[in-house]
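Please open the model in your viewer and have the selection tool ready, because side chains of opposite charge can pair when their charged atoms come close. The tour below goes from one such pair to the next.

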Amino acid sequence: MKKILLASAIALFAGLNAQTTFGVKAGYALSKLNSSEGDFELGGIEGSLKSKSGFYIGALVEHKITPKFAVQGEVEYANLGGKAEVGIPGTGITLTEKMNFNRIVIPISARYYATPELGLYAGPYVSFKTNNKAKFEVSGPNAGMVNPAGLKEGERYLERELNDGLKSTDFGLFLGADYNVYKGLFVDARYSFGLTNMIKNPIDGETLRMNFLQIGVGYKFK
């Protein structure tokens, strides 16, 4: 499936003719990790899962088949991931673990133009890891008691666990809509559903998947 998606993207970007339009886009990403166990657990670290804010930036090429139908390929750099919040019993301290999954995302979509301005679309995507980063934040009345050196060591430990324990690629489906505002300037919103179990070697069949919302603006050169 990954090879098919990559081949499709290359074919789309290579298909230069009068029906092909190029563009750029960027915006806000809100992502969340979903575990089959309800809580995040990797390398003995547990916590309740929360959404994390990020961003994306990318390029696109659209190939119009008819005035109503088109196919579109994209390449994006996206800051995705999630957060886990851990309350340390008896201390009044809450530890927030921000997990940043920086990825190259390649979506391929089939598009239907309900009106000349409004496009509806859906399709598959594949994403590839560039790096995984961890950031710890401490809050609560006793937050000052936490040793900063210990936090840094915890970040390095979690990064190792993320890089060693999670797969470097994942696959999913997405759907969305965009609206042409003025002469190629458009607004865009989509939601992506991760289908891949991101855990490399599950011990008891546990799963970890990632969903993410993207809202942004773009411009198509005509």
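Select Asp 178 and Arg 111 to begin: Asp 178 is buried, and Arg 111 is buried as well, where buried means under 20% relative accessible area, exposed over 50% and partly exposed in between, using a 1.4 Å probe and protein chains only. These two residues form a salt bridge, with their closest N and O atoms 2.9 Å apart; the term stands for a side-chain nitrogen of Lys or Arg within 4 Å of a carboxyl oxygen of Asp or Glu. Because Asp 178 lies in strand 8 (residues 169-182) and Arg 111 in strand 6 (residues 93-113), the pair ties together parts that are 67 residues apart in sequence. Strands (E, at least two residues) and helices (H or I, at least four) are DSSP runs, numbered from the N terminus.

This is a predicted model, in which local features need pLDDT of at least 70 and side-chain atom pairs count only at pLDDT 80 or more, while totals for chains, interfaces and linings use all residues. Residues are numbered from 1 along each chain as its sequence is written, and side-chain values use heavy atoms, leaving out hydrogens and water.

Next, select Glu 62 and Lys 220, whose side chains meet in a salt bridge (3.3 Å, N to O). Glu 62 belongs to strand 4 (residues 52-64) and Lys 220 to strand 10 (residues 208-221), 158 residues apart, and both residues are buried.

Finally, select Lys 25 and Asp 188, which also meet in a salt bridge (3.3 Å, N to O).
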